[in-house]
Amino acid sequence: MRVVQVGVTDVEGARFNGQDLHHQLIRRGLESSHVVWRKRGTDDTTYEFYTGTLRSKIHQTAAKLEQSLSLQSLLSPLAFEFSKHPQFKAADLAHYHLIHTGFFNLMALPGLTQLKPSVWTLHDPWALTGHCVHPFDCAKWKEGCGNCPSLDVEFSMKKDNTHLMWKVKQLAYSMSDFDLVVCSKWMEEMVKASPLMKKARVHRIPLGVDLDSFCPGDTELKKQKLGVQPGSIVIALRATTSIYKGLQYALECLRKLDVKQPITILTFNQKGLFEEFFGRYQIIDMGWLESNEEMIDAYQATDIFLMPSEGESFGMMAVEAMACGKPCVVFDGTALPETTFAPDYGISVKKGDSDALAAALKELIENESKRRSLGNKGRKLAVQHYSEKEYIDRLIAVYQDVMQRRGRSAVASRAQAN
Amino acid sequence: MEVCPPPIIAGKQENSVANKRILLLSVVPPNTRYTGGLMLHSMCQSLKADNLSCFSVLNPRMKVEMHPELEGIPYKAVLRPREAQTRHLPRRLGSLECYFKETYTASVTVPQLAEQVRQFIKETKPELIFCTLEGQTMIRLADQIQKTVPLPMVTQVWDPPQWWMRSNSVDGWSVNGVLKTFSSVLKNSQAVAAASWSMAETYNREHGCKAIPVVPGLPQTWAKQPATRLNDSNKLVIGFAGQMYSKDEWNALLETLDALDWKVEGRDVEIKMLGREFELEGFNKRNIQYLGWRDQLESIEILSQCDILYCPYFFDRQLESTARLSFPSKLTTYLASGRPVLLHGPEYSSPFKFLKEHDAGMLCHGLAKSAISNALSRLVRDTDRYAQVAQNGHKAFAQNLTDEHMRAQFLKTLAMAESRGPSK
């Protein structure tokens, strides 16, 4: 079987854009290629969606037009050309990932999915809404959107075209033939509740991690390696101003935290967001880490992983922390309680309640045996539920299922595309 | 433990090129005052003085004389046209004014300079030209010489030209033109002496030239033994030497020290600065000793008595290419001093990569107080790390930054001109 992964880019967000999956499939003996809008890495089996100045100009013009007309993934003509891309033509199956960042055209989906058996992984609910990535408590996505109360959230719109976009999606999906993959029950329930995806066949397959690499290590040694102050309890978290990741609650709860132990805040991604605690806590900003080795060092140096996301469809970082044997503190109302098996392992508190977050942190800071016991449980659960091998096995089974259902042999599929 | 540098063995071609008549076409002659001149002199020590001649295109503000050891060589100095652009008109008109001035320099002044160089070449009859590409004048001049003189040319780049032209407020049109010329000069050079490993790699890739890193070096014998711990006192002495070009980074350090009340892990912080012309806000109010300019040997002696040596480098995204490609010569001095270096710069910068590769420095890649404070604290607190960084720094110096190594690289670069034939 030959598979083409389709995504926005290769290096950044490799876990979600198909790049890691692409390499895992190759390691498993499948033929795989990755086609991306913007190639940043040097991998020979990753290709650009299109090349050339003219196409780039066409795309830029379409993107500008979309922005000024408050439309999304609708005007770029280049997605229609994808059917002629050599990697698409050669593939038996196309697997789409993050296709909502401007390079794709939703109206190309019907044609492409008719040409090739298709799988689409939904990493967030954008495909179900009129414009936003996460609707939070808004339920309009179940009724057609329109009169949007939060046009300014990602991906923002100047004019309220949310109903129009919702309708466009409905039309595009109704003419398309794809199988959906989601990573959590939370996301599966959203898909089932969406009028847009009535036809869709949904497969729930949690993402997996490399459990041999993401594993418990010598915490003290790793703390020393990262320059953590001796005796300090390390609280790790992702620092980002994205409205979905709950920065304000992390800040609030750390302001309220009242413990005697010295604390180190270890952050990933954006730097400088926790600087207000300088002098009170030690702050170590790791920045954006591209290598797994550095990530693993950081997880292993961690005592508590804090993930107060308000919008999360799975929670890969929580899974990685689990695999490294660290307790996690999360919010209700996202996929995170399910992903972290709260309350058995994850500590889940009411969404938006920074007092509860601070209390949960305090308890874990002051109770070392609880930290250890939750960490051990987390590792066991990760081994049971989030192995990379299991993820790939199940995905390959979906590929085979889709191919079989479409009743096409690989050869016939290629012949049709050609 | 003493680290022995790898033996430097000159090949046949290196020996042969050392006997060639070479013209140094540069912005300064080999001298005793300026970093570029010191480096040039050091490189020239691997050549026969009798075979050298020098044509310098001097900055009118610089008072510089030929190094005493090379006083007898044929030498001509001319003044460089003004490269820093003063604009009298606003905005686009100012750019236009600058463009006209630059165009005049390129089409009138530089050809006149080129004619003088050609005349000097006729008189001195060199077999090879070694040209330093600093500033738009030298780039244009090198281009004209390459096009009109059938001699092989080896070029040297200390800093990417974007940095120079930006700090001299050159207009965008002229910058584009100079960058095209720069690329062509690199391509038509038989070899390029690059300022860093990153620059060599980048220029090889982007300009299709043959670049070799020739990084400023110091005599191996000057190197101090690596320190094994901080000085026995209740002070933490941070040393700094050289030019003060990274002001944002400096200010961040001073703000952090203010926030820490100039105490790190219980030690009172003191800064010792060696060099000329420091401009820091609130400079006199702080616990800083200003020691003025000292020669390199004395600088190493003073720095070796400090606890930590501070090496700031540009975080400013507008100076990204400089950060990526240049190499601070102070780092060589620091590593020779045997004390741990605190590199305060972005992860993509060439000194950061160098120190990371050799695990030879405490790396701080943020401007935030917490990042600086963590790096300082760790060096004070973690005695093993302190000793390890100093030891690895000593090793990195011995392997990559000695005079001997620089000269070997320099000869290798010149030898390439031998093997590749004259300019196209």
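Me: Is B:Val341 buried or exposed, and how many other C-beta atoms lie within 10 Å?
Reply: In this model, which is a predicted one, B:Val341 is buried, because 27 other C-beta atoms lie within 10 Å and 20 or more are enough to count as buried.

Me: Where in chain B is B:Val341 found?
Reply: B:Val341 is found in strand β13 of chain B, a strand that covers residues 341–344.

Me: And which residues is it in contact with, leaving aside neighbours within four places in sequence?
Reply: Once those neighbours are left aside, B:Val341 is in contact with B:Leu309, B:Cys311, B:Leu331, B:Tyr334, B:Leu335, B:Leu355, B:Gly361 and B:Gly393. As for B:Tyr386, which is 45 residues away along the chain, its C-alpha atom is separated from that of B:Val341 by 9.6 Å.

Me: What about B:Leu342, which residues is that one in contact with?
Reply: Beyond its neighbours within four places in sequence, B:Leu342 is in contact with B:Ile308, B:Leu309, B:Tyr310, B:Cys311, B:Met362, B:Cys364, B:Ala375 and B:Leu379.

Me: Which residues have the most contacts inside the largest nonpolar core?
Reply: They are B:Ala194 and B:Leu342, in a core that has 123 residues. The largest share of this core, 8 residues, is supplied by helix α15 of chain B, which runs over residues 403–420. A second, separate core has 113 residues, among them A:Leu25, A:Tyr96, A:Leu106 and A:Leu122.

Me: Why would nonpolar residues gather like that?
Reply: In soluble globular proteins, nonpolar side chains tend to be buried together.

Me: Switching to helices, at what angle do α3 and α6 of chain B pack?
Reply: Helix α3 (residues 91–124) and helix α6 (residues 172–187) of chain B pack at about 35°, and their axes are 8 Å apart. On the α3(B) side the contact is made by B:Ser95, B:Cys98, B:Tyr99 and B:Glu102, while α6(B) contributes B:Gly172, B:Trp173 and B:Ser174. Sorted by class, the contact has 3 nonpolar, 3 polar and 1 charged residues.

Me: How many residues does each chain give to the contact of A with B?
Reply: Chain A gives 11 residues and chain B gives 9 residues. By class, the chain A side that touches chain B consists of 3 nonpolar, 5 polar and 3 charged residues.

Me: What is the strand order in the open sheet of chain A?
Reply: This open sheet has 6 strands in the order β10-β9-β8-β11-β12-β13, with parallel pairing.

Me: Which strands stand at the edges?
Reply: The edge strands are β10 (282–285) and β13 (347–349) of chain A, and each has a single partner strand, so one side of each is left without a neighbour in the sheet. On average, and with direction ignored, neighbouring strands of this sheet are turned by 20° against each other.

Me: How many bridges are there between β8 and β9 of chain A?
Reply: Strand β8 (residues 233–239) and strand β9 (residues 263–269) of chain A pair in the parallel sense over 7 bridges.

Me: Where else is phi positive in a residue other than glycine, say in A:Cys145?
Reply: A:Cys145 has a phi near 55°, and this residue lies in the loop between β5 and α6 of chain A. A:Cys145 is buried, with 24 other C-beta atoms within 10 Å. In chain B, the phi of B:Trp262 is also positive, near 55°, but B:Trp262 is partly exposed, with 17 other C-beta atoms within 10 Å.

Me: Last topic, which residues does a cis peptide bond join?
Reply: One cis peptide bond joins A:Glu154 and A:Phe155, with omega about -10°, and another joins A:Ala342 and A:Pro343, with omega about 5°. A:Phe155 is found in the loop between β5 (118–121) and α6 (162–174) of chain A, whereas A:Pro343 lies in the loop between α12 (336–339) and β13 of chain A. Most peptide bonds are trans.

Key:
Residues numbered from 1 in each chain as written. Chains lettered and ligands numbered in written order. Predicted model: local features only at pLDDT ≥ 70, side-chain atom pairs only at ≥ 80, totals over all residues. Core = buried A, V, L, I, M, F, W, Y, C linked by C-beta atoms within 7 Å. Buried ≥ 20, exposed ≤ 12 C-beta atoms within 10 Å, placed from the backbone. Helix = DSSP H or I, 4+ residues; strand = E, 2+ residues; numbered from the N terminus. Contact = placed C-beta atoms within 7 Å. Nonpolar A, V, L, I, M, F, W, Y, C, P; charged D, E, K, R; others polar. Axes fitted to C-alpha atoms, helices over the stretch in contact; angles between N-to-C directions. Pairing = 2+ DSSP bridges.
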